[in-house]
Amino acid sequence: MKKRRLLSQRLLMPVFVLALVLAGMFFQKTQTLEAAELDGTATETVKADVPEDNESVQAPGKPESLEVTWKGGKEVELAWEEASDATKYLVYRSFTSNSTGFAEIGEAEETSYTDEEASPGKTAYYKVVAYNDDVEGASSDVKSVYVIKAPAKVKAKVSKTTVTVSFKSSAKASGYEIWYREGTKGGFKKAAALKSGKTVKKKFKSMKPGTYYYKVRAYGKSGGERAYTDYGKTVKAKIAGSTIENTKSQLTIEADVKLSGKGSGYHAKIVMATPSSAVSFGIQYDEHATPPYTGKAMALIENVASNDPGGQRYTRPSNKSLKLNKTYHLMMTVDKQGNGDVYLDYKKIGSFSQPNIAKEPCYLRIEACARLNGDSVKATFSNIKCKWNGKYDSSKVLGKSLQWVEFKQNQGLKYKYNKKSNNIVISGTVQGAHGDWDVDYNGVQDILQFQGPY
């Protein structure tokens, strides 16, 4: 009996201990809550929010009204209307077709984009796709534009004083521009504009000696304006010839000369004159010249050994027959012994000897003359350059520091310097002369003498 009682006591002990523990925990929690209430710091337990699923992102709309415009070179400009819900746009290009070969070339946040790497000589196809974050929208319609290629196979062929520039046509070009530069320094200037895509050749005549560089670009009508290709290959053309810069001499005068007039005779000349003698070289028209020169405009040298009557001698170097109202480049040189040469369009065509030029002060001049009363003359002189004492001063040219005085021999003739076109025109009708230009030579001419170190 006693053993049973002991056994029941052992079984009840754990239960009793557990009850004490639970009672203690309840009492402690009750005390804590009561203290907090008295303290005014009681807090309410808040249940944490349960995360909700992310809202789905709206797909953007379609970019409408895509326009593509070639702006020149490799540049194509794109513009389109804003797509709904778009945060960015991706631009795609193809050189294959409007349905294949597209590759992404750029990204834009606005509704425009400039492609700077389009291939000349090809049709470029474009499309734009709108994105809302990473959600892709519908593609725009595909639009295309042809990128004109720069002219190929550019050549510059020289024949005497003419340069012919030619090149291969550029597909779909509306026209071309030819630019040139003389020498290796300075910028290029526009030489010609060809207003047809089929015109692929241009001649530049009466070019003075020197080295020229040419380049060509094509243009097309794009977006209502001209767009230009890059320039094709730059080519070189060299024209040989004699100029005041490269020809050794003691005295030189050169000019571009054009002659016209009415009546029985008239001329335009460049002149070297001393107090006792002179040599002139120019263009003379004479209806009374000896056959076979009658009624022709000829290149003429007049060598005056003496101012006395009969002291002049005429020669027609190389029997050069010239045209009226056409510009020719004339140059006359002389050395220290009075031996001289004459040049027509940069080529030597004759010589002379006048020792008095080397012995006396020599003046460089231009002159115009008509044969009889009632005959008229118009002589245009441009590109005038002078050399004294074997040294060429590039400032002693018409339009810079070159100065002159007039010796007016006939009241019917006058001169005018045109600053804009940089030329001198001597013109008018002879009046009051006593005989023809052989008898009263001083009475039928007008002379301009250039001031320099004589």
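The legends below describe close-up views of a predicted model. Local features are given where pLDDT is at least 70 and side-chain atom pairs where pLDDT is 80 or more, whereas totals for chains, interfaces and linings use all residues. Residues are numbered from 1 along each chain as its sequence is written, and side-chain values use heavy atoms, with hydrogens and water left out.

View 1. Helices (H or I, at least four residues) and strands (E, at least two) are DSSP runs, numbered from the N terminus. Of the 454 residues in the chain, 42% are buried, where buried means under 20% relative accessible area, exposed means over 50%, and partly exposed lies in between (1.4 Å probe, protein chains only). The chain exposes about 25800 Å², of which carbon and sulfur atoms supply 49%; such areas come from the Shrake-Rupley method with a 1.4 Å probe, and for residues only the protein chains shown count as cover. Among contacts (heavy atoms within 4.5 Å) between residues at least 6 apart in sequence, 61% join residues at least 24 apart.

**View 2. A salt bridge between Glu177 and Arg217.** A salt bridge is counted when a side-chain nitrogen of Lys or Arg lies within 4 Å of a carboxyl oxygen of Asp or Glu, and the structure holds ten of them. In this pair the closest N and O atoms are 3.0 Å apart, and the link joins distant parts of the chain, with Glu177 in strand S11 and Arg217 in strand S14, 40 residues apart. Glu177 is buried, at a relative accessible area of 3%, and Arg217 is buried as well, at 16%.

**View 3. A salt bridge between Glu302 and Lys269.** The closest N and O atoms of this pair are 3.1 Å apart. Because Glu302 lies in strand S20 and Lys269 in strand S18 (residues 265-273), the pair ties together parts that are 33 residues apart in sequence. Both Glu302 and Lys269 are buried.

**View 4. Phe188 and the residues around it in the loop between strands S11 (175-182) and S12 (189-194).** With neighbours within four places in sequence left aside, Phe188 is in contact with Trp179, Tyr180, Arg181, Tyr213, Lys215 and Thr234. The C-alpha atoms of Phe188 and Lys215 are 8.9 Å apart, although the two residues are 27 apart in sequence. Phe188 counts as partly exposed because its relative accessibility is 21%.

**View 5. Backbone geometry at Pro292, Asp133 and Asn389.** Most residues other than glycine have a negative phi, and most peptide bonds are trans. A cis peptide bond, with omega of about 5°, joins Pro291 and Pro292, and Pro292 is found in the loop between strand S19 (278-286) and strand S20 (296-304). Asp133, although not a glycine, has a positive phi of about 55°; Asp133 sits in the loop between strand S6 (122-132) and strand S7 (135-139) and is partly exposed, at 46% relative accessible area. Asn389 likewise has a positive phi, near 55°, in the loop between strand S27 (376-388) and strand S28 (391-397), and Asn389 is partly exposed at 43%.
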